[in-house]
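Please look over the sequence and the structure shown here before starting the exercises. Each task is followed by a solution that goes step by step.

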Amino acid sequence: MEPIAQFRTAALPDRGVIQIYDADAYLGDSSALDEAEAKVVAGNGYHLYILSLQPAVEVEVVIRVWEAAQDPIKEAEGCVPVTLESETGVLVVNQFTLGPAGTMDLPKPGVYDGHVSWTAREAVGAYYGSTIAQGADEEWGPDQFGEAWQRCPVTERYILDLWFVGEPEPVDEDDE
């Protein structure tokens, strides 16, 4: 079975963080961010926080929307169940303080259940650590580090699989 919608983008995990949220959900959630430090991925229903082990090598973020619930990918290093509500039907993939890496139009606004799976998180984290050590020993400049980040031999990937489960909550006029 193929997804009914799919989006992929490269994103820099600024301060180790990638966010995914509805286009109108601007406020962050520090408790969800703290929880992501323990679970890799956490959210509050409107925001998802993904924590990488490194802040310098681009990661790939894939969002897939399915007709029905999906099993996590078999080769994943880890997987966390999530729920995400999108009132606008537009999801933003954000690079924390660097700004959006891209947006995806969902098939329709609503509440989506799903899971985030990841691969190569540990390998890229280890590559980052060894590169920092080598660069410090050899007194690299910024250009050498930049080249090293681009030469990373594997791609850290986060796959968000979603399926529609219900209509969005009505907007409370007092909240606007």
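The structure is a predicted model, in which local features need pLDDT of at least 70 and side-chain atom pairs count only at pLDDT 80 or more, while totals for chains, interfaces and linings use all residues. Residues are numbered from 1 along each chain as its sequence is written, and side-chain values use heavy atoms, with hydrogens and water left out.

**Exercise 1**

Determine which residues of helix α1 are buried and what they pack against.

*Solution.* Begin with the naming: helices (H or I, at least four residues) and strands (E, at least two) are DSSP runs, numbered from the N terminus. Helix α1 covers residues 30–39, and its buried residues are Ala-32, Leu-33 and Ala-36, where buried means under 20% relative accessible area, exposed over 50% and partly exposed in between, with a 1.4 Å probe and protein chains only. Seen down the axis of α1, these buried residues fall within an arc of 100°, so they line one face of the helix; the arc is that of the directions from the helix axis to the C-beta atoms. As background, an α-helix has 3.6 residues a turn, so residues three or four places apart point the same way. Next, the face of α1 turned away from the buried side carries the exposed residues Ser-30, Glu-37 and Ala-38. The buried residues of α1 pack against β2 (17–22), β3 (41–43) and β4, contact being heavy atoms within 4.5 Å. Finally, α1 is followed by Val-40, whose phi is positive, near 80°.

**Exercise 2**

Describe the span of helix α2 and the way its residues are divided between buried and exposed.

*Solution.* Helix α2 (residues 121–138) has 18 residues and reaches 26 Å from its first C-alpha to its last, which is close to the 26 Å expected at 1.5 Å a residue; the expected span is 1.5 Å times one less than the number of residues. The buried residues of α2 are Arg-121, Val-124, Gly-125, Tyr-127, Thr-131 and Gly-135. Because these buried residues fall within an arc of 160° when seen down the axis of α2, they line one face of the helix. On the other side of α2, Ala-136 and Asp-137 are exposed. The partners of the buried residues of α2 are β4 (47–51), β9 (110–119), α3 and β10 (157–166).

**Exercise 3**

Find where Ala-120 and Glu-139 lie, and decide for each whether it is buried or exposed.

*Solution.* Ala-120 belongs to the loop between β9 and α2, and it has a positive phi of about 65° although it is not a glycine. With a relative accessible area of 14%, Ala-120 is buried. Glu-139 follows α2 and lies in the loop between α2 and α3, with a positive phi of about 55° although it is not a glycine. With a relative accessible area of 70%, Glu-139 is exposed.

**Exercise 4**

*Solution.* Ser-117 is found in strand β9 and is buried, with a relative accessible area of 1%. Leu-12, in turn, is found in the loop between β1 (5–11) and β2, and is partly exposed, with a relative accessible area of 22%.

**Exercise 5**

Characterise the second largest pocket by its volume, its lining residues and the elements that supply them.

*Solution.* On a 1 Å grid over the protein atoms alone, a pocket is an open set of points where a 1.4 Å probe fits, with protein on both sides within 12 Å along at least five of seven lines, and lining residues have an atom within 4 Å of a point. Grid points are joined across faces, edges and corners, and a volume is the space filled by probe spheres set on the points. The second largest pocket has a volume of about 170 Å³. Of the 13 residues that line the second largest pocket, the closest to its centre are Ala-56, Val-57, Glu-58, Trp-149 and Gln-150. The elements that give two or more residues to this lining are β5 (59–66) and α3 (142–150), and the largest share, three residues, comes from α3. By class, the lining has seven nonpolar, three polar and three charged residues, where Ala, Val, Leu, Ile, Met, Phe, Trp, Tyr, Cys and Pro count as nonpolar, Asp, Glu, Lys and Arg as charged, and the others, Gly among them, as polar.
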